[in-house]
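Open the model in your viewer and keep the selection tool handy. We will walk from one spot to the next, with a short note at each stop.

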Amino acid sequence: MRKIIFVAMVLAFGAALAAVYSGSAVAQKKGAGANGNWIEGVSDGRNPVVDMTYAVSDKFPAWPGDERVFEAKANATVAKDGYFTRSFSMLEHYGTHLDAPAHFPPGKEYLDQIPVEHLFAPAVVIDVREEAGKDPDYRLRVMRVEKWEALHGRIPAGAVVLLRTGWSARWPDQARYRNMDAAGVMHFPGFSVEAARLLVERGAVGLGIDTLSIDYGSSKDFEVHRVTLPAGLYQLENLANLDQLPQAGAFLISAPIKLEGGSGGPVRVFAILPTK
Ligand SMILES: [Zn+2]
């Protein structure tokens, strides 16, 4: 009996090794191509990494009405204890963060339940800086998605689609980032519900933006949230350094805090750029 188990284990180990070996062969082939973005290139400098995350502090533009956005206090200090620790608390939706599908029911997955494969994704970058510069209420048109596809090919299933609005130039100036009018209505660009529906159809696993919300600032009903989160997509908000990504060819790794039952939470987002 033991012998049989041992033989089975050896066979399984051999199969796993073979899988790893052939996997890396495929990766090497891909890495040699025009869109090479395989992860080994990060450590030897062929593939630069862009950190798309703001370092967490209490200084960020927050959603109107949000209070006590971030607090940290020292529990142990080097002077008193010989070492340093802090405790902190913060909102789930503050700074560079990820919205989990459960943020808007009937979206189901909580932050800790998002399939890990979805957190590794080709980055599609749609640049609307010109449009958003002229109209702060701009919403991404379907036509602009189709224009991207005409240049770079169909949006691949499993992609994260990032909207580059140029709004990060206003960070961390809260008044300019929120861009609130006299009536208290915010004005910043976002996705349109029609474009969001098309991106769901294309099989995107997430959307991202360099503003406070995937929905444009004046939105009252968060239509894009209501279309994409129930479809199982996640959303990245307040992204940094989106201007450093090419429109196609970067690869995104999004690592949110694994908060049980979270509606969202702080996320570290890395973009691996194509091979130099
Ligand atoms: Zn959010």
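Is tyrosine 177 buried or exposed? Select it and look around: with a relative accessible area of 1%, tyrosine 177 is buried. Bear in mind along the way that this is a predicted model.

**Stop 1**

Now colour by sequence position. Phenylalanine 60 belongs to the loop between strand 1 (49-51) and strand 2 (70-76), while tryptophan 171 belongs to the loop between strand 7 (160-164) and helix 6 (174-178), so the pair ties together parts that are 111 residues apart in sequence. From tryptophan 171, step on to tyrosine 177, where the pair is edge-to-face, with 5.0 Å between the centres and 80° between the planes.

**Stop 2: charges over rings**

Next, select arginine 170 and tryptophan 167. The charged end of arginine 170 sits over the ring of tryptophan 167, 3.8 Å from the ring centre. Then try arginine 139 with tyrosine 216, where the charged end of the arginine sits over the tyrosine ring, 4.0 Å from its centre.

**Stop 3: the zinc ion**

Centre the view on the zinc ion and show His93 (ND1), His97 (NE2), Asp99 (OD) and Glu237 (OE), which coordinate the metal at 2.0 to 2.5 Å. Try the angle tool here: the angles among the 4 donor atoms run from 74 to 170°, and the site is irregular. Along the sequence, the donor residues follow the spacing H-x3-H-x1-D-x137-E. Aspartate 99 is buried, at 0% relative accessible area.

**Stop 4: strand 10**

Follow Glu237 into strand 10 (residues 234-237). Here Gln235 and Glu237 point one way, Tyr234 and Leu236 point the other, and all are buried. Strand 4 (residues 97-99) runs antiparallel to strand 10 and is joined to it by 3 bridges; aspartate 99 has glutamine 235 as its bridge partner. Strand 9 (residues 206-209) runs parallel to strand 10, again with 3 bridges, and glycine 206 is partnered with tyrosine 234. To finish, trace the chain from strand 9 through helix 8 (residues 223-228) to strand 10: this β-α-β crossover is right-handed.

Terms used: Residues are numbered from 1 along each chain as its sequence is written. This is a predicted model: local features need pLDDT of at least 70, side-chain atom pairs count only at pLDDT 80 or more; totals for chains, interfaces and linings use all residues. Side-chain values use heavy atoms; hydrogens and water are left out. Helices (H or I, at least four residues) and strands (E, at least two) are DSSP runs, numbered from the N terminus. Rings of Phe, Tyr and Trp (its six-membered ring) pair if their centres lie within 6.5 Å; planes under 30 degrees apart count as stacked, over 60 as edge-to-face and the rest as tilted. Buried means under 20% relative accessible area, exposed over 50%, partly exposed in between (1.4 Å probe, protein chains only). A charge sits over a ring if NZ of Lys or CZ of Arg is within 6 Å of the ring centre and within 35 degrees of the ring normal. Donors are N, O and S atoms within 2.8 Å of the metal (3.2 Å for Na, K and Ca); water is not among the atoms, so sites may look incomplete. Four donors count as tetrahedral if all angles lie between 85 and 135 degrees; four count as square planar and six as octahedral if opposite donors are over 155 degrees apart and all others between 65 and 115; anything else is irregular. Two strands pair if DSSP finds at least two bridges between them. A crossover is right-handed if, with the strands pointing away from the viewer, the path from the first strand over the helix to the second runs clockwise.
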